[in-house]
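Subject: Handover of a structure

Dear colleague,

Please find below the sequence and the structure that I am passing on to you.

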Amino acid sequence: MRAVVQRVSSSEVRVDGQVVGKIGKGLNVLVGITHSDDEKDINYILDKVVNLRIFEDENGKMNLSVKDTGGEILFVSQFTLYGDVRGGRRPSYTQAMAYDEAEKLYNKFLDTAKEKGIEFQCGKYGADMKVEINNDGPVTILIDSKKEF
C-alpha cells in the first residue's frame, strides 16, 4: 500500500461538480493498493499518517502530528500510485490491485480508520474526482507499507 501525504491548508474533492469531501488545515492522503496488501498494510499506513510529525511546533520545527494539532484528514483512492513508467512513456498499472478487490480493501481501510477513532473525509472510490490540494509548505511525504522507498 502506498500513500502520498500532503500537508495542506485546505483540500476538497468533487464528483460530478459536487463536493464529497472537504477539509481545512490537515492532510490530504492519496492511497494506492497493490495485490499483496492486507490488514497489516492498512494498519501500517494509518499509523504512519496520523503520527507523522510534519506540522510545526512553537519553535517552527516540524515536530507535531495531525493528531497533535487537531487537523483534518482527506483520504482519496488513487490506483495510479502503482503506475510503472520504467518500460516506456505509457504507465503500466499491473501492480495496482484489480478494481473490485481494491474497492473492498479500500473500504476496509476506511472502516479501520473509523474503528481507530480517526476522523476523516474521503473521495468516492472509482469516480472521476477533481481534487483541490492547497499544499502547505509544500510538504509531501511518500509512504510505502512494503518499504520499497
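In which strand is Pro138 found? Pro138 is found in strand β8; strands are DSSP runs of E with at least two residues, helices are DSSP runs of H or I with at least four, and both are numbered from the N terminus. The peptide bond that leads from Gly137 to Pro138 is cis, with omega near 0°. Most peptide bonds are trans, and most residues other than glycine have a negative phi.

Please note that this is a predicted model, in which local features need pLDDT of at least 70 and side-chain atom pairs count only at pLDDT 80 or more, while totals for chains, interfaces and linings use all residues. Residues are numbered from 1 along each chain as its sequence is written, and side-chain values use heavy atoms, with hydrogens and water left out.

The buried residues of α3 are Ala102, Leu105, Tyr106, Phe109, Leu110, Thr112 and Ala113. They cover an arc of only 160° around the axis, which puts them on the same side of α3; the arc is that of the directions from the helix axis to the C-beta atoms. On the other side of α3, Asp100, Lys104, Lys114 and Glu115 are exposed. Here, buried means under 20% relative accessible area, exposed over 50%, and partly exposed in between (1.4 Å probe, protein chains only).

The largest nonpolar core has 30 residues, and those with the most contacts inside it are Val5, Val29, Val49, Ile73, Phe75 and Phe109. Such a core is a set of buried Ala, Val, Leu, Ile, Met, Phe, Trp, Tyr and Cys residues joined through side-chain atoms within 4.5 Å. The largest share of this core, six residues, comes from α3. Apart from it lies another core, of 10 residues, among them Val15, Ile23, Val76 and Met129.

Asp16 lies in the loop between β1 and β2 (18–23) and is exposed, with a relative accessible area of 75%. Lys147 lies in the segment after β8 and counts as exposed at 58% relative accessibility.

Yours sincerely
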